[in-house]
Amino acid sequence: MSDMLLEGKAQGGQLKLAGAGAWTAQNARALEALIDGETARAGKLRQVDIDMRGVERLDTFGAWLLERLVRDFSARGCQTSVSGLREDYRALIDELHAVKPEQAPAHGNGQSLTYALGSIGQSIAAIGESFTAFINMLGALVAVVGRVALRPRGFRFTSLVHQLDNVAWRAVPIILLITFLIGCIIAQQGLFHFRKFGADIYVVDMVGILVLREIGVLIVAIMVAGRSGSAYTAELGSMKMREEIDALRTMGFDPIEVLILPRIVALIIGVPILTFLGSMAALYGGGIVCWLYGGIDPDIFLSRLKEAITIDHFKVGMIKAPFMAMIVGVVASVEGLAVKGSAESLGLQTTASVVESIFLVIVLDGLFAIFFASIGM
Amino acid sequence: MARGNGSKDTIIEVRDVVVGFGEHIVLNRVDLDVYRGEILGFVGGSGAGKSVLMRTIIGLLPKRAGTIKVLGVDMAAASDDARRAVERRWGVLFQQGALFSSLSVRENLQFPVREYLDLSQRLLDELVIAKLDMVGLDASVCEKFPSELSGGMTKRVALARALALDPDIVFLDEPTSGLDPIGAGEFDNLIATLQRTLGLTVFMVTHDLDSLHTVCDRIAVLADGKVIAAGAMDVMLASKHPWLQAYFHGKRSRADHAERQ
């Protein structure tokens with residue numbers, strides 16, 4: 001059927017084309033091939049007549065292809081005429097005839113090597129930018145804390161309670177479950193390997209120190225980054241997209257004071273509590289595994305634990321918690337405010353928020369390890 | 001300015017349609033006909049359910065009762081293929097444009113075409129420029145993203161996307177809202193021109209009295225969950241219904257200005 005759409009007869013320098021059928025979107029591909037075939041026709045042509053009497057239907061697709069046919073022949077210096085076009089299609093043809101023959105800017109990003117180097121450079125610059133943004137947010141927070149300290153009535157207490165409910169209270173079950181399981185796993189692995197050289201009882205030392213110093217706070221910080229940090233970024237980002245943050249600013253409110261400070265304070269209060277609960281759950285899990293799997297009675301476990309750990313181990317874990325909370329909160333806020341108009345950018349910033357805060361939490365944990373080692377804690 | 005459309009060929013037929021949310025009945029046994037080749041202006045108070053009816057016709061909201069036939073196909077009873085075939089023959093301009101924010105203008109316009117038709121990249125690119133030209137934009141916006149466009153440009157690009165597949169029917173949800181009077185006037189002219197050149201049927205939800213005066217062939221009025229009147233502008237102006245009186249003879253209406261002068 002497609003060969004019916006356009007038929008051409010060449011006579012000397014003259015080409016007669018006859019269109020037929022439906023020149024519509026459905027047939028556009030076949031028609032394009034036919035048209036390209038005709039325009040590629042070899043030989044000297046001076047006169048091209050296009051007879052459109054047979055065309056029953058014409059839409060923008062067909063009309064554009066006709067326009068292209070005419071333009072291509074005209075570009076080759078042929079006299080081109082179109083006849084037999086139905087009157088109702090005249091307006092459409094005229095409209096398309098008026099389209100300027102500009103080329104769309106080329107797609108792609110130029111040469112691949114320049115592109116590769118360029119994107120490396122851009123990502124390094126982006127690291128620098130997010131670092132300055134982080135420092136910027138910290139500074140703005142300190143300024144806001146100073147202002148709120150001068151007039152404490154300005155602090156959003158309701159918002160703080162609401163955020164505490166979200167990030168701390170509602171997080172308790174999942175945090176307890178995860179840290180409990182982690183405690184179990186550490187104890188089981190320890191027992192399995194220590195047993196080989198009869199050092200079963202030292203599993204209690206390992207569980208106690210590891211959980212209180214490192215694992216409790218790390219797991220909680222990572223969970224909070226995934227659970228609350230991402231939520232903060234998405235909330236602030238969609239507020240930014242819908243100009244709610246601009247609206248706050250125009251009313252004379254500081255979005256950092258109204259939106260971000262209560263969120264970060266909620267994290268700073270919530271994360272140490274979650275860390276404490278999480279550490280206890282992990283010790284409990286470790287104790288249960290030691291009893292059921294390792295045959296260490298709870299009494300022995302507890303007395304051994306009392307000898308193995310000091311208050312310092314507990315303090316180390318708890319001191320780290322608010323700092324980790326602050327990192328998660330600040331990164332989430334920075335990324336949230338960096339959201340631009342599109343849905344895609346919201347997704348990108350949320351991912352960046354979680355990845356960056358987990359990375360920074362681990363870096364900070366390393367720095368704390370060096371610090372506590374050097375002060376002998 | 002009624003254009004003669006000799007035979008009245010019904011393209012959308014709404015009969016006894018009931019739509020509600022929970023206890024609240026928004027549309028109560030609505031009847032409406034849209035004829036081929038006309039521009040129908042659909043008006044009603046804010047919250048009266050204009051957009052609800054439009055969204056029901058295009059299948060975004062479920063109806064509780066009644067039938068909707070588009071291009072002769074009963075949308076509820078039709079098979080998936082038949083319904084999809086009808087869906088390809090309409091284009092929708094949403095109030096906020098609803099351009100895909102992660103795609104450039106060019107990709108936005110090519111998206112439906114690429115899905116439904118197998119065309120060469122060259123033809124796709126040329127058609128984007130042609131469509132943009134038809135809605136009064138030039139090729140420089142091709143690589144822009146929706147977040148970089150002004151309100152008026154967004155509406156134009158969204159209209160171009162609605163026209164991407166050369167539809168028979170175009171649904172416009174408040175096309176001129178948020179545009180300045182000059183921009184709104186240009187948009188009205190654009191719709192009228194495109195309607196003439198492409199032979200479209202236009203279903204336009206609007207509040208813009210100027211649009212109603214200048215481009216609409218017929219006006220349908222929704223109040224109290226029913227279409228209380230449908231007809232040309234002079235029918236509306238002559239009506240004695242209190243809501244129509246208030247709407248078309250209020251302080252902001254052009255008829256009133258004309259009378260006072």
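## A tour of chains A and B

Start in chain A, where helices α11(A) and α12(A) are roughly antiparallel to each other (angles over 145 degrees; under 35 is roughly parallel, 65 to 115 roughly perpendicular and the rest oblique). The model is predicted: local features need pLDDT of at least 70, side-chain atom pairs count only at pLDDT 80 or more, and totals for chains, interfaces and linings use all residues. Residues are numbered from 1 along each chain as its sequence is written, while chains are lettered from A and ligands numbered from 1 in the order in which they are written.

**Stop 1: α11 and α12 of chain A.** Select residues 311–337 for α11(A) and 343–375 for α12(A). (Helices are DSSP runs of H or I, at least four residues; strands are runs of E, at least two; both are numbered from the N terminus.) The two helices pack at about 150°, with axes 9 Å apart (lines fitted to C-alpha atoms over the stretch in contact, with angles from 0 to 180 degrees between N-to-C directions). Now show the contact residues (C-beta atoms, placed from the backbone, within 7 Å). On α11(A), pick out A:F323, A:M324 and A:I327, among others. On α12(A), they include A:L360, A:L364 and A:F368. By class, this contact has 13 nonpolar, 4 polar and 4 charged residues (Ala, Val, Leu, Ile, Met, Phe, Trp, Tyr, Cys and Pro are nonpolar; Asp, Glu, Lys and Arg charged; the others, Gly among them, polar).

**Stop 2: α6 and α9 of chain A.** Select residues 172–194, helix α6(A), and 255–292, helix α9(A). Their axes are 7 Å apart, at an angle of about 40°. These helices are therefore oblique to each other. Their contact has 19 nonpolar and 6 polar residues, and no charged ones.

**Stop 3: α4 of chain A.** Select residues 112–150 of chain A. At 1.5 Å a residue, the 39 residues of this helix should span 57 Å (1.5 Å times one less than the number of residues). The end C-alpha atoms are 56 Å apart, which agrees.

**Stop 4: where the chains meet.** Show both chains. Here 24 residues of chain A are in contact with 28 residues of chain B. In chain A, α1 (28–39), α2 (60–75), α3 (90–97) and α12 each supply at least two residues of this side. That side of chain A has 11 nonpolar, 3 polar and 10 charged residues.

**Stop 5: α4 of chain B.** Select residues 121–134 of chain B. This helix has 14 residues and reaches 20 Å from its first C-alpha to its last, close to the 20 Å expected. Of the 14 residues, 10 are buried, so α4(B) is largely enclosed by the rest of the structure. The buried ones include B:L127, B:I129 and B:M134. Their cover includes α1, α2 and α3 of chain A, together with α3 (105–116), α5 (151–162) and α6 (181–198) of chain B. Just after α4(B), find B:G136, with a positive phi of about 85°.

**Stop 6: two loops of chain B.** Go to B:L71, in the loop between β4 (65–70) and β5 (73–74). B:L71 is not a glycine, yet its phi is positive, near 55°. B:L71 is partly exposed, with 17 other C-beta atoms within 10 Å. End at B:D224, in the loop between β9 (218–223) and β10 (226–231). B:D224 is not a glycine either, and has a positive phi of about 55°. B:D224 is exposed, with 11 other C-beta atoms within 10 Å.

Key:
Contact = placed C-beta atoms within 7 Å. Buried ≥ 20, exposed ≤ 12 C-beta atoms within 10 Å, placed from the backbone.
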